[in-house]
Amino acid sequence: MSRITLPDSIYETPAASQAQLEGVKKMLGSVPNMFRITANSPAALTGYLGLNSGLAKGTLTPQTRERIALAVAQINGCDYCLSAHTYLGKNVAKLDEAEIAANRRGGSSDPKADAAVRFAAKLVEARGQVSDADVSAVKMAGYTEGEIVEIVTHVALNTLTNYLNEALGTPIDFPEVSAQAA
């Protein structure tokens, strides 16, 4: 159960959030609970949507972005995000069950993606305090400096949503997946 108000509809959110949620609905076909709970703060919703939209224009593939999201959600124990990104990983990024399982363990069956996911996992576990060798490993896998910045930013974005959903008790509205079951 949510620890703060989970608006039942777009029109029960602050007026400044409503147009943004209409955009989410147009893009996704519905407004998942994470967006509705975040809409309690129009500023937070604007910040999240802006960063998410900006990163979608980056050079990391949608598959790599989902892999990172799965690894981060697993490490942070966020069942909401793990459920959402398992669904998106399967249905949008077209990741198979074995790949999703590997991502949840902090790796990938794809050698290049493996470097990104391992780096993302190290970022979370070390709270950003990675080593020169960690950065070199992701460079050696073929990632540009810009893509390394994107990996770090995806970790931050996913950590934000993990914390929002865990702290506020966002009800899961995707097929449920548990971090405990990994």
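Lys94 is placed in the loop between α5 and α6, where helices (DSSP runs of H or I, at least four residues) are numbered from the N terminus. The model is predicted, so local features need pLDDT of at least 70 and side-chain atom pairs count only at pLDDT 80 or more, while totals for chains, interfaces and linings use all residues. Residues are numbered from 1 along each chain as its sequence is written, and side-chain values use heavy atoms, with hydrogens and water left out.

Most residues other than glycine have a negative phi. The phi of Lys94, however, is near 60 degrees, a positive value. Lys94 is exposed because its relative accessible area is 63%; exposed means over 50%, buried under 20%, and partly exposed in between, computed with a 1.4 Å probe on protein chains only. Another residue with a positive phi is Arg127, at a value near 50 degrees. Arg127 belongs to the loop between α7 and α8. With a relative accessibility of 76%, Arg127 also counts as exposed.

The next topic is charge. Side chains of opposite charge can pair when their charged atoms come close. A salt bridge here is a side-chain nitrogen of Lys or Arg within 4 Å of a carboxyl oxygen of Asp or Glu, and the count by this rule comes to five. One of them joins Glu99 to Arg67, with 2.6 Å between the closest N and O atoms. This pair links distant parts of the chain, since Glu99 lies in helix α6 (residues 97-104) and Arg67 in helix α4 (residues 62-76), 32 residues apart. Glu99 and Arg67 are both buried.

A further salt bridge connects Asp134 with Lys122, whose closest N and O atoms are 2.9 Å apart. Here too distant parts of the chain are linked: Asp134 is in helix α8 (residues 132-140) and Lys122 in helix α7 (residues 111-125), twelve residues apart. Asp134 is buried, at a relative accessible area of 15%, whereas Lys122 counts as partly exposed at 39% relative accessibility. Glu97 and Lys90 also form a salt bridge, and their closest N and O atoms are 2.8 Å apart. Glu97 counts as exposed at 52% relative accessibility, while Lys90 counts as partly exposed at 34%.

A charge can also sit over a ring, which is the case if NZ of Lys or CZ of Arg is within 6 Å of the ring centre and within 35 degrees of the ring normal. The charged end of Lys112 is placed in this way over the ring of Tyr143, 4.7 Å from its centre.

Rings of Phe, Tyr and Trp (its six-membered ring) pair if their centres lie within 6.5 Å; planes under 30 degrees apart count as stacked, over 60 as edge-to-face and the rest as tilted. The structure contains three aromatic pairs. Phe35 and Tyr48 form an edge-to-face pair, at 5.8 Å centre to centre and with 65 degrees between the planes. Phe35 lies in helix α2 (residues 33-38) and Tyr48 in helix α3 (residues 42-56), so this pair ties together parts that are 13 residues apart in sequence. Both Phe35 and Tyr48 are buried.

The pair of Tyr87 and Phe174 is tilted, because the ring centres are 5.8 Å apart and the planes stand at 50 degrees. It links distant parts of the chain, with Tyr87 in helix α5 (residues 79-91) and Phe174 in the segment after α9, 87 residues apart. Tyr87 is partly exposed, with a relative accessible area of 37%, but Phe174 is buried, at 19%. Ring pairs also bring Tyr80 into a cluster with Tyr87 and Phe174.

Helix α9 (residues 145-168) holds His154. This residue counts as buried because its relative accessibility is 5%. Leaving aside residues up to four places away in sequence, His154 touches Leu55, Leu60, Arg65 and Ile68, a contact meaning heavy atoms within 4.5 Å.

Definitions and conventions: Helices (H or I, at least four residues) and strands (E, at least two) are DSSP runs, numbered from the N terminus.
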